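Dear colleague,

Please find the structure below for your records.

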Amino acid sequence: MFGNHKKRIFLPVLVFILSLPAFSPAQAALKDSDTDGLTDSAEVDTYHTDPNKADTDGDGFADGDEVVSGTDPLDAGSNTFSNIEKNTPPSAWLDWNISRTGSAIAFALLAVVIISGLLIAF
């Protein structure tokens, strides 16, 4: 009786453990080391900013805020406080963060559905 139960639990647990490395690229894509609102991969590949510094150009504005406002996160002279206030719609930062969080939640739910399906199949 107990031997059969162990076999039924072992396979789904094994599948789950083996599938964990598959999720790491997606987790790495969402990583934001300096919490400036830009993912590390976007900072390196797209904006060429420092993923370990929230304010690459040292002007007092986070890189993510500068990207949303349309100013250059690599040029300290490219913006002023009034420029950021004029160019940034009030909801832009919130909208961007909600969409990013929604994507992460959708990915997590997809993983749960796949793992649940595997558990039911076995």
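Ile114 lies in helix α5, which covers residues 92-121. Helices here are DSSP runs of H or I with at least four residues, strands are runs of E with at least two, and both are numbered from the N terminus. Please note that this is a predicted model, in which local features need pLDDT of at least 70 and side-chain atom pairs count only at pLDDT 80 or more, while totals for chains, interfaces and linings use all residues. Residues are numbered from 1 along each chain as its sequence is written, and side-chain values use heavy atoms, with hydrogens and water left out.

Ile114 is partly exposed, because its relative accessibility is 45% (buried means under 20% relative accessible area, exposed over 50%, and partly exposed in between, with a 1.4 Å probe and protein chains only). Together with Leu110 and Leu118, Ile114 forms a nonpolar patch on the surface with about 250 Å² of accessible area. Such patches consist of residues with over 30% relative accessible area and no salt bridge; like charges are joined within 9 Å, and nonpolar side chains (Val, Leu, Ile, Met, Phe, Trp, Tyr) within 5 Å. A salt bridge is a side-chain nitrogen of Lys or Arg within 4 Å of a carboxyl oxygen of Asp or Glu. Accessible areas come from the Shrake-Rupley method with a 1.4 Å probe, and for residues only the protein chains shown count as cover.

**The protein as a whole**

The protein has five helices and zero strands, in the order α-α-α-α-α along the sequence. Of its 122 residues, 25% count as buried. The protein exposes about 8100 Å², of which carbon and sulfur atoms supply 68%.

Asp34 is found in the loop between α1 (2-29) and α2 (40-47). With a relative accessible area of 9%, Asp34 is buried. Residues up to four places away in sequence aside, Asp34 touches Glu43, Asp50, Pro51, Asn52, Lys53 and Ala54 (a contact means heavy atoms within 4.5 Å). Asp34 and Lys53 are 19 residues apart in sequence, and their C-alpha atoms are 5.6 Å apart in space.

Val67 belongs to helix α3 (residues 63-69) and is partly exposed, at a relative accessible area of 22%. Beyond its neighbours within four places in sequence, Val67 contacts Leu38, Tyr47 and Pro73. Leu38 is 29 residues from Val67 along the chain, with 8.7 Å between the two C-alpha atoms.

With kind regards
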